[in-house]
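Thanks for asking me to look this one over with you.

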Amino acid sequence: MEKNWNKHWVPNLHTKAIVKVLGQFLRIEQLRLFDNQVLTMTRRKAKKQKLEAARLRLVKQRGPINPCDPNVVPPVEAIMANPQALSHNNTHGPMPRFYVDQLVQCRQCGKEEVWRAAAQQWWYEVAKGNINSKAVLCRACRAVEKQRKVAARKQHQDGLALKEKRD
Ligand SMILES: [Zn+2]
């Protein structure tokens, strides 16, 4: 009887212990993976912020460049403009020959930020922005403004739908 009890009880105890240890191990592993993820994200963010700050410092040091000035030599990091992609601008005024990072002081919050050359190229050549328009808001304020516009549009559309229902 005593032997039998032992025979059944001991493996059970083992199983329980194994399950417990395994569970703990899995939980620890999960936590470790989560921590690693958070750490990577934080590191990536810190690195991005550092790069952003360095970029801002460089742009401020260099001072403004007028890409429309035919006498200005494009800096090495400049992105050359595609005149064909700018042909939507119905103007005889001078066109930019290239894009370089430019300093923007946000009209709303006053923060200084870099308007990246690639972002300018996208704005003028892909989004077909007017050549006389330029970034006046920082990215954070631009995001808020975008959300505000989306909300306003939705409100307007909801209003129209309601009116249609009533008519
Ligand atoms: Zn701002």
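Does Glu 145 count as buried, partly exposed or exposed, and at what relative accessibility? Glu 145 is partly exposed, at 22% relative accessibility; here buried means under 20% relative accessible area, exposed means over 50%, and partly exposed is in between, using a 1.4 Å probe and protein chains only.

1. A word on the model. This is a predicted model, where local features need pLDDT of at least 70 and side-chain atom pairs count only at pLDDT 80 or more, while totals for chains, interfaces and linings use all residues. Residues are numbered from 1 along each chain as its sequence is written, and side-chain values use heavy atoms, with hydrogens and water left out.

2. The partner of Glu 145. Its side chain meets that of Arg 148 in a salt bridge, with N and O 2.9 Å apart; the term covers a side-chain nitrogen of Lys or Arg within 4 Å of a carboxyl oxygen of Asp or Glu. Both residues belong to helix H3, and because they are three residues apart, about one helical turn separates them. Arg 148 is partly exposed too, at 48% relative accessible area.

3. A pair in helix H1. Helices (H or I, at least four residues) and strands (E, at least two) are DSSP runs, numbered from the N terminus. Helix H1 spans residues 2-62 and holds both Arg 32 and Glu 29, three residues apart, or about one turn of the helix. These two form a salt bridge whose closest N and O atoms are 2.9 Å apart. Arg 32 is partly exposed at 40%, and Glu 29 is partly exposed at 24%.

4. A link between a helix and a strand. Arg 139 and Glu 113 meet through their side chains in a salt bridge of 4.0 Å, N to O. Arg 139 lies in helix H3 (residues 139-166) and Glu 113 in strand S4 (residues 112-115), so this pair ties together parts that are 26 residues apart in sequence. Arg 139 is partly exposed, at 38%, whereas Glu 113 is buried, at 6%.

5. The overall tally. The count of salt bridges comes to nine. As background, side chains of opposite charge can pair when their charged atoms come close.

6. Cysteines. How many disulfides does a search of the whole structure find? The search finds zero, a disulfide being a pair of cysteine sulfur atoms within 2.5 Å. Cys 106 is buried at 4% relative accessibility, and Cys 138 is buried at 1%.
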